[in-house]
Amino acid sequence: MSMSSSLIEVRNNNLPAYAVFAAMLSAAGLPIYIHAPKYFVDEHGVSLVALGSVLFVLRLLDVVQDPLFGRLSARLGRRRGLAISIACVVMALGMLGLFAVEPLVSPLVWFGLMLTLVFSAFSFLTINFYAQGVVTASSFGQFGHLRLARWRESGALFGVCIAAIAPLVFSYFMNAPFVGFAIGFAVLALVAGTMMRAEWAEGRDLKSASFQTVLQDPIARRLLIIAFVNAAPVAVSSTLFLFYVEARLMSPGMEGPLLLLFFLSAAFSVPLWGGIAEKLGTKSTLMISMTLAIVAFGFSIFFGAGDWLAFAVVCVASGAALGADLTLLPAMFAKRMGEISPAATEGFGLWSFVSKFTLAFAAVLLLPALQLAGFESGSDSNSSHSLFVLTLLYAAVPCVLKIFALILLAFTAVSEE
C-alpha cells in the first residue's frame, strides 16, 4: 500500500469524527432559538420581547465577527489546535452557564453574556471545522467533498434531532432536565474535540485565501449569492413555523412532532442525495432538490385548519430538500475553496456570514410584517387577512426565493463532481 493510499485510509477512518463534531455544533445551535428563550421565560420570568431583542443584537454581532474569525483562524498557524480546544471549552461553559448555573447578575444580562460565549465559540469552531473539511476532502479524490459532506451534515442533522428531544428525555429522570442537557452537551464537546484533534494538526501550517481573493473569484462569489438566496427560505420558514402550525393549521401541540419529523427527514435523506449526486452530478442533484422544495412550499399555500396530516407530508418533502441544501451546496463551495486555496478559513468566514445574515434578515422583516397585519400569537380570532399574510410569508415567499436560487444555480458554471 502506498503512502498516499495509507493517508486516504486514515482520513476515511476519521470521518466519524466529523459527524460527531458536527453533531456537537448543531446541538449548540438549537438551544439558541428554541430551548434558551423558553427556559429563561419559565425559570426567570424574562419577557419574550426582551429576549428577542437580545437575540437580534447578538445575531448582528455574530454576523460582524464571522469574517474576522475567518481571518484570525488563517493567522493562528500552529496554535490553531489550541485555540479550537479553548473554543470548545468556552462553548461548553456558556451552555452550562445558560442552563445549569443561577444567573450571577440580572437574568437578561446573564442571558446575553452566556449566549455571547456560545455564539462566538460556535462561529469560530464552525469556520475552522468547514475549512478543515476542504483540506481533508482534497485527499479523497473524486467526490471527496461530497463524501465528507455526507458524514458531516448527517451528524449535524442527527445532533439537531437529539438536542430537540433531550430535555424531554431528561425530564423523566431528573427535576432539572435542562441541567442534564447542559452537562450532556459539555461531555459531547469534550468527546468531539478529542476525536478531531488529529485533524487540526494535519492542516495547521496551511494558509488561507484573503477575502479579496474569494470575492474576486466569479464562481465563489456566485455560490455565496446562491447560498444567501437559498438559505433565506429556510430562515423564513423556521421563523414562522410555530405560528403557521398553531394559527393557520389550528393544530397546537403538533409543532414539536412536525418539527422533529422535518429534521429526521433531512437527516435520513443525506445519504440518498449523496448517492444521487455521484450518479447525476452535484449541481443537477441540487437543482432537483430545489424543485422538490418549491413544490412542497407551494402546497403549503392551500392548507387550512386541521390539515396537519397533509402538512406532515410537506415536512417530509421539505426536510428532504433541506438535507440536500446542507450537504451539496457546502460541498460545492468547499470544492471551489480547495481550488482557490489549500485552506479556506476566510472563505468560510464569508460563508458563515451569509448563512447567519439570513436569520437576522428574516427576524427583522417578518415578525413586524405579521404584527402590522394584525396577527396575534396564541389567539383563536386572527382575521382572515392576518392568516393570509402569515401563509403568504411562510409559503409563497420561500417559493419565490427558491425559484430565484434555482435560476442562479442553473446559470452558474460549477463542476458536477
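User: Before turning to this predicted model, what does an angle between helix axes refer to here?

Analyst: Axes are lines fitted to C-alpha atoms, for helices over the stretch in contact, and the angle is taken between N-to-C directions, running from 0 to 180 degrees.

User: At roughly what angle do the axes of helix H3 and helix H6 cross?

Analyst: In this predicted model, helix H3 covers residues 35-44 and helix H6 covers residues 107-137. Their axes come within 11 Å, and the angle at which they cross is roughly 155°.

User: Are H3 and H6 roughly parallel or roughly antiparallel to each other?

Analyst: Angles over 145 degrees count as roughly antiparallel, and the axes of H3 and H6 cross at roughly 155°. The two helices are therefore roughly antiparallel.

User: How many residues of the contact of H3 with H6 are nonpolar, polar and charged?

Analyst: H3 passes H6 in a right-handed crossing. On the side of H3 the contact is made by Ala-36, Pro-37, Phe-40 and His-44, while H6 brings Pro-107, Trp-110 and Phe-111. These residues divide into six nonpolar, one polar and no charged.

User: How many disulfides does the count come to?

Analyst: Cys-315 is buried at a relative accessible area of 1%, and Cys-399, at 10% relative accessibility, also counts as buried. A disulfide requires a pair of cysteine sulfur atoms within 2.5 Å, and by this rule the count of disulfides is zero.

Definitions and conventions
Residues numbered from 1 in each chain as written. Predicted model: local features only at pLDDT ≥ 70, side-chain atom pairs only at ≥ 80, totals over all residues. Heavy atoms only, no water. Helix = DSSP H or I, 4+ residues; strand = E, 2+ residues; numbered from the N terminus. Parallel < 35°, antiparallel > 145°, perpendicular 65-115°, else oblique. Left-handed = near helix turned anticlockwise from the far one by under 90°. Contact = heavy atoms within 4.5 Å. Nonpolar A, V, L, I, M, F, W, Y, C, P; charged D, E, K, R; others polar. Buried < 20%, exposed > 50% of the residue type's maximum accessible area, 1.4 Å probe, protein only.
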